[in-house]
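Trainee: Could we go through this model together? I would like to start with the helices.

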Amino acid sequence: MTIQTTPDETTPDETTPAAEAPVTETSAPATHAFEADVARLLHMMVHSVYSDKTVFLRELISNAADACEKLRYEALSAPELLGDETRTQIAITLDPDARTLTIEDNGIGMTADDMGEALGTIARSGTKAFMDRIAASSGSEGAQLIGQFGVGFYSAFMVAEKVDVISRRAGADTASVWSSDGLGTYTIAPVDTAEAPPRGTRVVLHLLEDATSFTDRYTVERLIKDQSGHVPVPITLREKPDAEPVDIADGAALWTKPKSEISTEDYADFYRSVSGQFDEPALTLHYRAEGLHEYSVLAYVPGAKPFDLFDPDRNGRMKLYVKRVFITDDAEVLPRYLRFMRGLVDSSDLPLNVSREMIQESPMLAAIRKGVTGRVLAELDKLATRDADAYAKIWENFGAVLKEGLYEDFERRDALLKLARFKTTTSGGAWRSVADYVAAMKDNQTAIYYAVGTDLDRLEASPQLEGFRARGIEVLLLPDSVDGFWVTAGIDHDGKPFKSVTQGAADLSLIPLVDGADAPTADTTPEVADFIAFVKTTLADAVSEVRASERLTDSAVCLVAADSGMDRQLERILAMSGQAMPAAKPVLEINPRSALIAKLAALGEDETALREDAAHLLFDEAQIADGERPLDARAFSARLSRLFTRALG
C-alpha cells in the first residue's frame, strides 16, 4: 500500500516520539506520537466542516491501486513475489452490523518499518504549505481547500473513529498492524499471519455514527464508479462479509480504450483519480503516438492551481508506465515549466527489465519527452485560437510557470512566446498576445516595451510610463518574479527586441503625441541645465548620471537603470533570493518641463543649502515612487522638516 503523503520542507523534531528507533517485526506493541505536521493535518480532518467527506474512499482506493501497480513492477525482477496469486485486485467489504468498511489490496504491502515511516510522518513536498493555507483560511474556505486538493490516507479520519491497517509485505513471513484513533498517537504491533492478508494491505475503518451510510452497498458502489471506476486494477464489492463479491470496475486502463468509447465524465473521473484534485480539467489530451517510438498519452491541464505549484522542490506529476506496468511518477516526462500537468505516458518501447534510474537516462525517454512537450504546447496553442476565454483561464492559473520556459527552453522559445499573454497599459485589464501588441505598434516604434515590477497597480502608476502613455505606446506590464529573468534572455519577436521602460534612454523623440502636437524635446533652459549639473554633483555618491528626461510628462523625477546596467527590478529579485550582485548606481532623470524643477532652478546661488536639500529630496522622491525607501530615513525627515519650516515662514 502506498500512502499519498509527500516530503515536507521541514525536518521532524528529533525530540518527538516519531523520531524513535524503527519498529521491528518482532517488537511488542508500541505507542508512538505522530510527527507534528501529521498531528496538525489529523486535527483538520477530525474537525473538518467539509460536507462532502466522500473524498476518503477515492484516496484509499488510489493508494491500493498504487500498491498493486508497484507489485507488478517489483515482480518483473522478482516474479516469486506474486506467488500463486498473479492477478492484483482491490476488494471492498461492508459490515453494517459492525459499522466497518474495509479496503483490501493484494499489492506490495508494508513492513512495520514501512508503516512507521509512511503512516506516522508526512513526506510530500508542499504539504506543510497546504496546511498553512487551510489554517489561515476561514472555516468554509478551508473546507473548500480540503475538498479541492484531497488529503491522502488521513482523510479516513473524517469518517472513522478508529483505523486499523493490517499489512504483509510481498514475500515476507511476518505481518503487522497499525492502529490509531487520529487523536495524536498510533500503535504498531506484530499480528498473526493468519489474521493478515496473504500479501498486501487491509484498511479497516471503524465508522463514526454519522458515517454509517458508507456501509450501504448502493452508496459505496455509486461512489466507486463515480470516483474510481477507471483505476487500472479490478475492484470488487461485498455488501456483507459473507456475501459473494460483485465486480464494480474491470481494471481496464482508460488510456488504452478508443476515444470514441470514453465520455467526458469518464475523462473527468480519471483526472480526479490520477491528480488528487477535485476540480474539472481545463484541457484533456489523449492520443497515441506511432512511428519510431510508440506510446500513449492521457494528460490534463488542471482547472485550478495545485497548492504546491511554486514549491521550489516540486517536480511534475506525470506517471510513467511501460506496457501498462507502472514504473514511476518521478520520471521527467515533461519539463519543469509544465509541472502543473497531470496524467500519464504509457510506452510500448521502453524496456521493463531495467532500473528506474536507467529509464530516466534512456534516449527513448528523452525522445518521448520531446514529443509530449511539443504536443502539449501545440494543444494549448489550438485552444488559444479556438476558445480565447478558456485559454485565458489556463494562463491566469499557470502563465507564471509557463514563462519559466522562455528563460529555460531555447528550442521552444518561439512557441512559448506565442502562448504568452500580458496585461498592458492599453488593454483595460484584458490579456494581450505579443502578436496583438506588434500589430498595434506606432509608426517609428522599433521595440516591444515592458515594465517589470511586483504588482499591476504599482506598475501602472510608474512615472516612467508617462511619456509612453502620452504617445499612446502600449507597454507590457510584467508583475511575476520570473519576468525579470526571461526578458534578459535576448528574446525578440519578428526582429523587434524587448526593451525595459526603466532602463537606458527612452528614445521617444520620433513618435508623436496622441493629440498630434509636437513632442516636447529634452532641450533645457540654461537655468535648468545648471540645476541638473548641480544635482549631479550633489548626488555623485548615489547616482551614476543625472539627465533631462524624455519619458516624463508630469512627474518631476524618476530613476532608471543605465543602458548597460541590470534592470532594477531584477536587481531586487536577486537581492531577495540572496544572490545580490554589487548594486549599480541608478540614473536620475529630471523633467525639464516640470514647474517644480523650473522654480528650483531659479533659486539663487545664495540658496545653496536649500538647493542641496532639494536635490536629495528629489532623489528620495524617485526612490519612493520606485517602491523603495529613502537611503537615509533620518536625513530625509530632517530635510523635509526644514523645507516645511521655510515654506510656512
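Predicted model: local features only at pLDDT ≥ 70, side-chain atom pairs only at ≥ 80, totals over all residues.

Mentor: Residues are numbered from 1 along each chain as its sequence is written, and side-chain values use heavy atoms, with hydrogens and water left out.

Trainee: At what angle do helix 9 and helix 10 pack?

Mentor: Helix 9 (residues 363–386) packs against helix 10 (residues 388–402) at about 130°, and their axes are 6 Å apart. Helices here are DSSP runs of H or I with at least four residues, and strands are runs of E with at least two, numbered from the N terminus. Axes are lines fitted to C-alpha atoms over the stretch in contact, with angles from 0 to 180 degrees between N-to-C directions.

Trainee: What does that make helix 9 relative to helix 10?

Mentor: The angle makes helix 9 oblique to helix 10, since under 35 degrees is roughly parallel, over 145 roughly antiparallel, 65 to 115 roughly perpendicular and the rest oblique.

Trainee: Which residues meet there?

Mentor: From helix 9, L380, L383, A384 and R386 meet A388, A390, Y391 and I394 of helix 10; contact means heavy atoms within 4.5 Å.

Trainee: Turning to the sheet, what is the strand order?

Mentor: The sheet is open, with five strands in the order 15-17-16-19-18 and mixed pairing. Two strands pair if DSSP finds at least two bridges between them.

Trainee: Which strands stand at the edges?

Mentor: Strand 15 (423–424) and strand 18 (492–493) do; each has a single partner strand, so one side of each lacks a neighbour in the sheet.

Trainee: In which sense do strand 16 and strand 19 pair?

Mentor: Strand 16 (residues 448–452) and strand 19 (residues 496–500) are parallel, with three bridges. I448 is opposite F498, and Y449 has K499 as its bridge partner.

Trainee: And how does strand 18 run against strand 19?

Mentor: Strand 18 runs antiparallel to strand 19, joined by two bridges, and H493 stands opposite K496. Their hairpin has two residues between the strands, and D494 takes a positive phi near 55°.
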